[in-house]
Amino acid sequence: MHTKSLTELSIDLIQQKLSSTELTQHFLERIDLHRQLNAFITVDAERALDQARAADRRLGRGTPAPLTGIPIAHKDIFCTEGMLTSCGSRILSNFVSPYNATMIEKLRQQDTVILGKTNMDEFAMGSSNETSYYGPVANPWDESRVPGGSSGGSAAAVSAGLAPAATGTDTGGSIRQPASFCGVTGFKPSYGRVSRYGMVAFASSLDQAGPLTRSAQDAALLLQATAGFDPRDSTSVDRETPDYTATLTADISGLKIGLPKQYFGQGLDGQVELVVREALAHYEALGARLMDVDLPNSALCVPCYYVLAPSEASSNLSRFDGVRYGYRTQQYDDLTQMYAKTRAEGFGAEVKRRIMIGTYALSAGYYDAYYLKAQKLRRLIADDFRRAFEQCDVIMGPTTPTTAFTLGEKTDDPIAMYLNDIYTISANLAGLPAISIPAGLSGDGMPVGLHIIGRYFDEPQILNFAHRLQMGTDWHRRSPPGYTS
Amino acid sequence: MALDHQTVREIAELAHLELDDSEIDQHADELSRILGFIEQMNQVDTTGVEPLAHPHDGRLRLRDDQVTESDQRASFQRIAPATEAGLYLVPRVIE
């Protein structure tokens with residue numbers, strides 16, 4: 001039951017071969033059975049089963065929406081009314097949200113079930129899920145390895161069959177990198193496609209929400225339910241939402257795949273490259289054409305990002321002051337000390353590091369050298385893509401330079417950790433949609449992700465390419481050893 | 001770019017983060033390394049390039065100035081660390 005696609009599950013639900021209550025119960029049992037993965041921060045079984053029973057009544061009335069009755073795991077960054085929304089941080093470890101994020105609201109309107117809230121790097125700052133206040137998540141393919149981050153809990157949950165689908169957010173790779181490490185499909189839509197309302201803000205000009213699923217087809221279904229204009233998000237784009245499933249199987253012959261040489265250079269693991277090249281050969285066999293493109297400023301994406309994201313974060317995270325919600329320190333003499341101690345005790349090491357970088361980059365005397373310089377580079381990086389997309393339809397490469405690394409391997413070296421996102425960050429800087437899909441296994445049995453970047457708002461093209469590979473291969477159907485039954 | 005302890009203390013003060021001496025040491029070291037890495041940006045000449053703040057390039061939508069939210073003070077204050085008579089309580093700032 002836990003390896004079925006959303007399409008199969010929704011058919012079973014609509015034909016009443018299966019009830020949402022049974023389905024929800026099944027996943028709750030699996031979550032409990034595999035709790036050593038630490039994929040969830042909160043599971044409220046009673047609430048989930050209540051929602052499942054309500055979904056069953058709607059199914060019984062014959063008025064279901066496409067995803068009615070499907071249990072979904074949500075990254076603990078989405079505000080969920082009446083439930084803990086911790087964002088993986090001590091400072092929000094007592095925050096029961098008074099409202100729903102638009103992402104949650106839209107899925108609840110379809111009567112999907114909130115299966116639980118998934119573990120994540122604190123405030124989505126991390127690439128390994130090791131910065132969570134609630135402890136690291138294990139990779140279901142090898143529990144000594146990280147699941148990636150920051151949506152590590154969501155990726156591990158889908159990979160291990162603890163949820164049929166999950167939500168995530170991606171600021172520099174936080175959907176795609178864990179999807180790659182855990183062998184699932186992870187899709188970051190264009191900036192402005194999915195509402196950010198009620199999603200705890202990290203870097204507002206880069207953050208975007210999206211699905212983690214077992215296939216591109218499932219990603220299309222979840223995107224369909226969550227995309228669209230939201231007046232509550234000032235950066236939401238008022239454009240019609242196309243039918244994402246309509247073009248999944250479209251012919252790709254004659255379409256051009258751009259391969260930036262910068263994505264196949266130094267630092268790329270040989271096994272990862274081999275798997276990616278095999279996927280590219282598959283596309284060639286389907287009639288697509290491979291061509292070289294140039295993204296000359298690629299190497300500067302990471303430094304540029306590590307100015308912009310911490311700068312925006314230092315501003316966004318100034319709201320956590322122990323006054324209106326969240327944790328407040330016990331002992332203080334005055335207001336300033338209350339702020340400083342609340343934040344010192346409430347934030348973990350990586351979050352403090354980024355607040356410090358951002359505060360420095362924005363401070364008087366350094367603004368031009370860091371923040372403004374990075375914004376200029378951001379334009380050059382976006383222009384690189386604009387030129388490349390004049391020649392090709394999509395850009396492909398590896399999602400990450402290596403497969404999942406071991407727990408603790410990079411925790412003492414922030415820069416080595418940051419370099420994990422070297423291929424994913426550019427899509428956030430340019431606001432472009434990008435997906436990671438499972439493309440094979442490396443020699444050590446770990447999943448490898450293929451990264452597909454598309455033109456702004458061209459989600460259908462990306463999903464089309466991803467689905468075509470999944471029609472001809474079964475990498476996305478593989479489960480980690482020990483999680484097949 | 002190596003950051004001295006005094007600069008790190010000043011940043012921490014601006015950021016409202018209480019750091020002890022060992023943390024100041026650690027941050028001075030880590031931030032210096034990260035800034036050194038960030039300075040790779042200087043390899044590219046950006047003279048005359050317009051800064052890009054946002055994927056929408058500054059074209060942000062405006063809405064009419066109308067009240068659209070209802071009063072939810074009670075539910076918002078229920079999760080506050082300290083309130084009284086509808087107000088948020090903080091240590092006294094005016095004697």
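Two residues are in contact if their C-beta atoms, placed from the backbone, lie within 7 Å. This is a predicted model, in which local features need pLDDT of at least 70, side-chain atom pairs count only at pLDDT 80 or more, and totals for chains, interfaces and linings use all residues. Residues are numbered from 1 along each chain as its sequence is written, and chains are lettered from A in the order in which they are written.

**View 1. Helix α9(A) meets helix α12(A).** Helices here are DSSP runs (H or I, at least four residues), numbered from the N terminus. C301(A), C304(A), V307(A), L308(A) and S311(A) come from α9(A). Their partners in α12(A) are Y370(A), Y371(A), A374(A), L377(A), R378(A) and I381(A). By type, these residues are nine nonpolar, one polar and one charged. Ala, Val, Leu, Ile, Met, Phe, Trp, Tyr, Cys and Pro count as nonpolar, Asp, Glu, Lys and Arg as charged, and the others, Gly among them, as polar.

**View 2. Chain B touches chain A.** Here 40 residues of chain B contact 53 residues of chain A. Helices α1 (5-14), α2 (21-38) and α3 (73-77) of chain B each give two or more residues to this side. The most come from α2(B), with seven residues. The chain B side divides into 26 nonpolar, eight polar and six charged residues.

**View 3. Chain B follows the pattern α-α-α-β-β.** Chain B has three helices and two strands; strands are DSSP runs (E, at least two residues). Its C-alpha atoms fill a box of roughly 55 × 45 × 25 Å, taken along the principal axes.
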